[in-house]
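Have the model open while you read.

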Amino acid sequence: MGVVLMAAVRASAAYEVLGSFQKPGTQVVAPLVQHSDGNFYGVAAAGGAFDLGSIFKLTPTGVLTTLYSFTGPDGSGPAGGLVEGADLALYGTAAGGGVGVFGVVFKITTAGDFTKLVDFTGPGGAARGSVPHALMRHADGNFYGVTQAGGAGGSGTVFQMTAAGAVTTLLDFTGNTGARPGSEPLGPLVASGDILYGVTRFGAAAGLGAIFEVSTTGAWRSLGEFSGAATGSNPAGGLLLHPDGALYGTTEFGGTNGFGTAFKVITAATPVFTVLRQFADLTGSQPAGALARDAAGVLYGTTVNGGANGFGSVYKLTTAGGHTLLASFTGEIGGTPGSAMRGGLAAGADGFFYGITSSGGPGNLGTAFKIAAAGAFTSLTNLSLNPGWTPSGAPVASGAGSLLFPVAAGGASGGGNIMSVATNGTISVAATLGGT
């Protein structure tokens, strides 16, 4: 009888989730994209529920929500941005994971419904290539992209993909020599009609990268090669196709100061290459991420290092090379928190430019911000989310009718919080733990 009674008691027990904690994505190295719904969407290369990266939404007011966390078979380590499709879903890539761990292409709705479209197959196979980068949606209805590695020679590929996920390889890069010199192409590509333009981070004669064009049917042409001190070396972001018809971009290294360059390319029968800016440490060094532009055609970008505090900077650049330092990041604290900005900026419909730093801010996990064309900087949110995460102890009575328990990470200072559970189940921050 006692056993029966115990079973009855257990059967009547109710279990209710009062709250859940979100572990944010970290190491954001890709730009945000503003969806037609007005919100920004992006990917984080690490963090998330399984420490394999995540996809997130950021409202213009700074509310950050994780939509999806990668698990490995569906991809891992997304390092390229997203692009909105004709169906209003977002399309993107994960650099690793998938069936052969060569990376994947996926789509996700703004509600978080995830579909894997492509598993890359490395040096050969139906979708040869590995480490895919950001996609570009073309007017012909297809998506175009690059893989930074894999392909027939291991130096990367350019591919076409239908919205349903059918992949066609357009070309394989051939490294320092060969028919299509260059290796480790970066996305996204940009297009003028049926001609696509892009850069490689390495390869070509000096091994320092190249600028190329390829048609939507695979016809290839070199537009120039980077050589180091004279032109810069190793671009760390794609190109911007300006309304003036020229291509603009940056290199992370090289130039006369060794801190990188900004350049312009006129795509004539004989291409014309012009260095617009030699970056210098006090105004920013090592530019990364593609450039953005405003309605007047002025260019905006970010640097990984340098600036007044050594944590990187935000700048604007005229098409003639006139440079203005807009903001210098201040690391984990200060009025412009953040550091190591690698993803570049996204132009918002409201005239501001939006971005997320790769590190800095409380907990050194990165910060989201917006900046005006004149340089007014607004911090939107920290990736060290205010409620924190990783509950690390049993609740104890507060003496005031609530229960208290700690969370080990996150919070406004990055060092965790003491949380309170009220009698109605509401969970709130009772105290913030400092980083020390």
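Q: How many cavities of 30 Å³ or more does a search of the whole structure find?
A: One turns up in this predicted model. Totals for linings use all residues, while local features need pLDDT of at least 70 and side-chain atom pairs count only at pLDDT 80 or more. Residues are numbered from 1 along each chain as its sequence is written, and side-chain values use heavy atoms, with hydrogens and water left out.

Q: What makes Phe56 a lining residue of the largest cavity?
A: A lining residue has an atom within 4 Å of a point, and Phe56 is listed in the lining, as are Ser54, Leu64 and Thr66, among others. S5 and S6 each supply at least two lining residues.

Q: Why do S2 and S6 count as edge strands?
A: The open sheet runs S2-S3-S5-S6 with antiparallel pairing. S2 (33-34) and S6 (64-69) each have a single partner strand, so one side of each is left without a neighbour in the sheet.

Q: How do you know that S5 and S6 pair?
A: Pairing takes at least two DSSP bridges between strands (DSSP runs of E, at least two residues). Five bridges join S5 to S6, so they pair. Ser54 stands opposite Ser69 in S6.

Key:
Helices (H or I, at least four residues) and strands (E, at least two) are DSSP runs, numbered from the N terminus. On a 1 Å grid over the protein atoms alone, a cavity is a set of points where a 1.4 Å probe fits but cannot get out, and a pocket is an open set with protein on both sides within 12 Å along at least five of seven lines; lining residues have an atom within 4 Å of a point. Grid points are joined across faces, edges and corners, and a volume is the space filled by probe spheres set on the points.
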